[in-house]
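Q: Hi! I'm new to this one, could you walk me through it?

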Amino acid sequence: MVVIRLARGGAKARPFFNIVVADKRNRRDGRFIERIGFYNPSATANEEGIRIAQDRLTYWRSVGAQASPTVERLVSQAAKKAA
């Protein structure tokens, strides 16, 4: 099964997450198919906190990929900011 989830990066106490499409059997920070965005929870007011390629997200969902609950929350949060 293909999932859309977060892969952690960044330094200790300064998290940074890539939003990736990966096989469910691979590790959280391991091999992935495609990187479709990022999430920076410690972004300041003048930095971009989240970016998602909506066209790629729509494509992967259309072919059966399932988003994790956290990614679902971030997508809806980003849609509210854009609107």
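Predicted model: local features only at pLDDT ≥ 70, side-chain atom pairs only at ≥ 80, totals over all residues.

Q: Good to know. What order do the strands of the open sheet have?

A: The order is β4-β3-β2-β1-β5, so to read it off by definition, strands count as paired if DSSP finds at least two bridges between them. The sheet is open, has five strands and shows mixed pairing.

Q: And which are the edge strands?

A: Those are β4 (50-52) and β5 (66-67), each of which pairs on one side only.

Q: How do β1 and β2 pair?

A: They run antiparallel: β1 covers residues 2-11, β2 covers residues 14-23, and ten bridges join them. Within that pairing, isoleucine 4 sits opposite valine 21 of β2.

Q: OK, helices now. Where does α1 lie?

A: Helix α1, residues 54-62, lies across β1, β2, β3 (34-39), β4 and β5. Its direction is at about 125° to β3.

Q: What about α2, what does that one touch?

A: Helix α2 (residues 69-82) packs on the sheet and touches β1, β2, β3, β4 and β5. The angle between its direction and that of β1 is about 80°.

Q: Switching topic: how many residues are in the largest nonpolar core?

A: There are 17, and Ile4, Ile19, Ile36 and Val71 have the most contacts inside it. At least two residues come from each of β1, β2, β3, β4, α1 and α2. Helix α2 gives the largest share, four residues.

Q: Let's pick Ile36. Which residues does it touch?

A: Leaving out residues up to four places away in sequence, isoleucine 36 touches Ile4, Ile19, Val21, Arg51, Ile52, Ala53, Arg56, Leu57 and Trp60.

Q: Nice. How many aromatic pairs does a search of the whole structure find?

A: Three. One of them joins phenylalanine 16 and phenylalanine 38, with ring centres 5.6 Å apart.

Q: Why is that pair called stacked?

A: Because the planes are at 20°, and planes under 30 degrees apart count as stacked. The two residues are 22 apart in the chain, phenylalanine 16 in strand β2 and phenylalanine 38 in strand β3.

Q: Are those two buried or exposed, or something in between?

A: Phenylalanine 38 is buried at 10% relative accessible area, while phenylalanine 16 is partly exposed at 28%.

Q: Which other residues form an aromatic pair?

A: Tyrosine 59 and tryptophan 60 form an edge-to-face pair, 5.3 Å centre to centre with 70° between the planes. Tyrosine 59 is partly exposed at 38% relative accessible area, whereas tryptophan 60 is buried at 11%.

Note on methods: Residues numbered from 1 in each chain as written. Heavy atoms only, no water. Contact = heavy atoms within 4.5 Å. Axes fitted to C-alpha atoms, helices over the stretch in contact; angles between N-to-C directions. Core = buried A, V, L, I, M, F, W, Y, C linked by side-chain atoms within 4.5 Å. Buried < 20%, exposed > 50% of the residue type's maximum accessible area, 1.4 Å probe, protein only. Phe/Tyr/Trp six-rings, centres within 6.5 Å; stacked < 30°, edge-to-face > 60°.
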